[in-house]
Amino acid sequence: MLRDRLRAEPSTHSLHSPPKKSGAGQPQNRASHGLDQFFTSLPDQESLSILDFSGASQANISFITSMGHRIYSNDALRTMEEAFGSGGDFIANQSDPERAARFLSENLEFADRTFDGALIWDTLQFLAPPLLQDTVDRLYRILRPQSSLLAFFHAEEKAQTAPLYSYRIVESKVMSLTPRNQVRPVQYFNNRSLEKLFQKFHSVKFFLTRDHLREVIVRR
Amino acid sequence: MWNKRKEEEYPPKSPAAPPAPASQIKENAPMSTNPAPSHHATESRGPAVIGKSVMIKGQIFSREDLTIDGEIDGSVELHEHRLTVGPNGKLQAGVKAREVVVLGTIHGNVEASDKIDIRKDAKLVGDIKTARIVIEDGAYFKGSIDIVRPEAARTPATAQPKAQPASSTSPNSAATPATAVAGDSR
């Protein structure tokens, strides 16, 4: 079973651990085609509503509000950890209907068609089925038609762990990644599995990066 | 004769002499670097403070800067002043102020006409409406942020007295008028 294989080596690291003090914790700026596409796709008007799952940061708040938009901030990884724990039962707890419902209500309880864009970063790769699909379906409902969603997935199939980053917007085409931890992703996503995951959406576009991140732009 | 001699040793005090003027007393007294207490001490006392053992359920209105280190359930309004939520402060309340500094916890919507400052280890859950926002790394925030740009025609800020002539001598009370209803103290 996929779940048994993933549970074989449970991560001992908390998703929400602060960055390490060694050089691995230093922010790295790099260009992002996905981020560029995301901001390019926004309608040319002010007062849009953008959902940001990276947790409140001065950089992201300043950038998005300076464009005249409203930002809705939430640290999805932290709420995930609070809902499902940070130990070996993190994946198993996601199957608990009560915990899953609480996670969805605490993170995605919005009226339909509330947002003009969503920056989901890498949070989806830590969700297991069926919660993963429920989350994506909820994102579909709360996004307006023609809006975009940006998500990152680790692209190295054989890697035992994946780096966990804090993502900060530097410019519309540049983001800063600060390594936080190495964690075990719930599953590996290839292009086909991502197309299936986002099958309700209008289109899915992929950008593969040198640091083994698959940047995905999904159009509602 | 003994009595007369006593009087010589202990000359009677002159009848009820008025107390020496303050200036005269000062000349003879040791010098102090502290200024003499003023009749208007309350004007320079600093912001009003709600201490950490105080719990209030209700509405708080203030016409001076306010620091809250206790628990509030209700609403807090200081339209032209600064609210500081101390590290022990826990607000389950809507907040309206000129400036809001958060070191503790707020569950509620916040309107700060000038600025909101969320410090590290602070927690704010609610929607924010403000002209400027500063958030330190390590702060937790969940909610929406609307930046409301200040109007073009602003009157220059004038210094306002921090407190009106005191009718209350309690150092730990909010400025008048207050509709706070004291709850259980902890």
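Biologist: What makes β5(B) and strand β7 (residues 110–118) of chain B a pair?

Modeller: In this predicted model, β5(B) and β7(B) are joined by 7 bridges in the parallel sense. Two strands pair if DSSP finds at least two bridges between them, so β5(B) and β7(B) count as a pair. As a landmark, look for A97(B), which stands opposite A112(B) in β7(B).

Biologist: Which other strands does β5(B) join, and over how many bridges?

Modeller: Strand β4 (residues 71–85) of chain B is joined to β5(B), residues 90–102, by 12 bridges, and the two run parallel. There, R82(B) stands opposite E99(B). Strand β6 (residues 105–107) of chain B is joined to β5(B) by 3 bridges, also parallel, with L91(B) opposite I106(B).

Biologist: What is the overall pattern of chain B along the sequence?

Modeller: It reads α-α-β-β-β-β-β-β-β-β-β-β-β, that is, 2 helices and 11 strands. Of the 186 residues in chain B, 28% are buried. Among its contacts between residues at least 6 apart in sequence, 19% join residues at least 24 apart.

Biologist: How do you know that chain A and chain B pair through strands as well?

Modeller: β3(A) and strand β11 (residues 140–147) of chain B share 3 bridges in the antiparallel sense. The cut-off is at least two bridges, so these strands from two chains qualify as a pair. Y72(A) has S144(B) as its bridge partner in β11(B).

Biologist: How many residues does each chain bring to the contact?

Modeller: Chain A brings 10 residues and chain B brings 12. On the side of chain A that touches chain B, α3 (58–66) and β3 (70–73) each supply at least two residues. β3(A) gives the most, with 4 residues. By class, this side of chain A has 4 nonpolar, 4 polar and 2 charged residues.

Biologist: Why is K196(A) called exposed?

Modeller: Count the other C-beta atoms within 10 Å of its own: there are 11. A residue is exposed if that count is 12 or fewer, so K196(A) is exposed. You will find K196(A) in helix α7 (residues 191–197) of chain A. K196(A) and Q133(A) are 63 residues apart in sequence and 9.9 Å apart in space, C-alpha to C-alpha.

Biologist: Which residues have the most contacts inside the largest nonpolar core?

Modeller: They are I120(A), A151(A), L83(B), V95(B), V100(B) and V102(B), in a core of 88 residues. β5(B) gives the most to this core, with 7 residues. In soluble globular proteins, nonpolar side chains tend to be buried together.

Biologist: What makes A151(A) a neighbour of I120(A)?

Modeller: Two residues are in contact if their C-beta atoms lie within 7 Å, and A151(A) touches I120(A), L124(A), V216(A) and V218(A), not counting residues up to four places away in sequence.

Biologist: What is the confidence in chain A, and where is it below 50?

Modeller: Chain A has a mean pLDDT of 84, and 89% of its residues reach 70 or more. Over residues 1–13 of chain A the pLDDT is below 50, and that stretch has 16 contacts in the model beyond near neighbours in sequence. Residues 16–23 of chain A are also below 50, with 10 such contacts. Where pLDDT is low, the predicted coordinates should not be read in detail.

Key: Residues numbered from 1 in each chain as written. Chains lettered and ligands numbered in written order. Predicted model: local features only at pLDDT ≥ 70, side-chain atom pairs only at ≥ 80, totals over all residues. Nonpolar A, V, L, I, M, F, W, Y, C, P; charged D, E, K, R; others polar. Buried ≥ 20, exposed ≤ 12 C-beta atoms within 10 Å, placed from the backbone. Core = buried A, V, L, I, M, F, W, Y, C linked by C-beta atoms within 7 Å. pLDDT = per-residue confidence, 0-100.
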